[in-house]
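Please look over the sequence and the model shown here before reading on.

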Amino acid sequence: MSKPINFSHDLIWPRVSPFIHKTITNYGNNCFMWFGPRPAVLITEPELIREVLTKNYVYQKARSSPLSKFAFAGLVAHETDKWATHRRLLNPAFHLDKLKHMLPAFQLTVNEMLSKWKEIIMLKEGTEVNVWPYLQTLTSDAISRTAFGSSYEEGRKIFELQIEQIQLISKMSRSIYIPGWRFLPTKRNKRMMQIFNEVKALILGIINKRMRMIENGESHDDLLGILLENNLKEIQQHGHKKFGMSIDEVIEECKLFYFAGQETTSTLLVWTMILLCKYPMWQERARKEVLQVFGSDELDYDKLNQLKVVTMILNEVLRLYPSGYMINRMVTKETKLGDLCLPSGVQLILATILLHHDTEIWGDDAMEFNPERFSEGISKATKGQVVFFPFSWGPRICIGQNFAMLEAKMAMSMILKHYAFELSPSYAHAPHPLLLQPQYGAQLIMYKL
């Protein structure tokens, strides 16, 4: 972590997961390792990965650190029937017809970012801009507007607190975990508890305000409004509060909207811009397509769906730089998986990035940026195997996948339409283990078109 690497995609995996990379190098893909007292088995066969991700009641999420409850829980942390209930209540908020209504919010947010870039570049053509913090603000503002609608400013405050909380947890996770340590009144522990309570109070305030609106017959098409209305229907239908979600559970889902909706999309956008600098031919192809499809017209959903080259590029970026580069599962009872007999308590590691970079699957150019491999869609590129799963796969596939891809297409279209960009000499290539974020930022030379 102390220094950047050469701009070579081969070097990402050993940098972000050196322990697992070293184990595979020494023992091959069929190996297991120990995380303290817990054995973990590496699963790399596509058919076994399909089985693990399909049977989500058998292969459950690996237990997270007690610290993670300070950041978020929600859908991602639930299992079996509780997970199924929450997923069913949340699904309507992510239907395509609802996502179409969110496009104006995406567009407004991207325009705000482009205006800031314009102010910087007006002073000097070909100015260096670290685009990473702008893309983080873009995706956090987009989730604030689409999740909380009119309470957008309060949403932004929640986001700032969540970011600080995740940084504190990240620092603590790098030291040895001592049971009960989080209860000691250290400066860091007190700040984490303070943030936890402050975020809870802010979200509760927004929820109470929204509940009063719903009771007065007002409806809202943002994520929170849809979730609260569905939850109310569920409780009324069964006539008991034990059905549906409690207020605390709604709060946790709102915190999860923030983390999942912001971090993964900003990471996808930043690597797309960096890779389009490294491969300017693809930047030109994408820009040509955007100008051809949109011209001077407004960006609408149907036209965004016509962006074949932009979609190919985004898929190739997700293949090389998947922010969820490893998936963990656990068996809760003795289970047979292929030729393996797995005792209860064994952790399974599905190394997404390992399959995404495998030359046997993708060919000798697996470590090269070649969006052409997705020219006939994902199914043709993967030959129907489970070898490309940047948003996970099966019943627990990321609920916000369409949301993220729509936002990324909108943002890249508007950026390409108004700006050309190239890598600055000061850029240092350093994918970080925290969702593969660029450790030292993304310094690009920007040109207004």
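## Basis of the description

This is a predicted model, in which local features need pLDDT of at least 70 and side-chain atom pairs count only at pLDDT 80 or more, while totals for chains, interfaces and linings use all residues. Residues are numbered from 1 along each chain as its sequence is written, and side-chain values use heavy atoms, with hydrogens and water left out.

## The largest nonpolar core

A nonpolar core is a set of buried Ala, Val, Leu, Ile, Met, Phe, Trp, Tyr and Cys residues joined through side-chain atoms within 4.5 Å, where buried means under 20% relative accessible area, exposed over 50% and partly exposed in between (1.4 Å probe, protein chains only). The largest such core has 133 residues, and those with the most contacts inside it are W117, V131, M273, F421 and M446. Helix 11 (residues 247-278) gives the most to this core, with 14 residues; helices (H or I, at least four residues) and strands (E, at least two) are DSSP runs, numbered from the N terminus.

Leaving out residues up to four places away in sequence, W117 touches V129, V131, Y134, M273, I415, Y419 and M446, contact being heavy atoms within 4.5 Å.

## Helix 12 and helix 18

The axes of helix 12 (residues 280-294) and helix 18 (residues 401-418) come within 9 Å and cross at roughly 100°. That makes helix 12 roughly perpendicular to helix 18, a description used for angles of 65 to 115 degrees. Axes are lines fitted to C-alpha atoms, for helices over the stretch in contact, and angles run from 0 to 180 degrees between N-to-C directions.

On the side of helix 12, Q283, A286, R287, V290, L291 and F294 take part, and they meet S413, L416 and K417 in helix 18.

H429 is found in the loop between strand 9 (419-423) and strand 10 (443-448), and H429 is buried, with a relative accessible area of 3%. The side chain of H429 makes polar contacts with the side chain of Y321 (3.2 Å) and with the side chain of Y427 (2.8 Å). A polar contact is a pair of N or O atoms within 3.5 Å; within protein, one must be able to donate a hydrogen and the other to accept it, and residues adjacent in sequence count only if both atoms are side-chain atoms.

I49 lies in helix 3 (residues 46-54) and is buried, with a relative accessible area of 0%. Leaving aside neighbours within four places in sequence, I49 is in contact with I43, T44, L350, L355, V386 and F389.

Key
Parallel < 35°, antiparallel > 145°, perpendicular 65-115°, else oblique.
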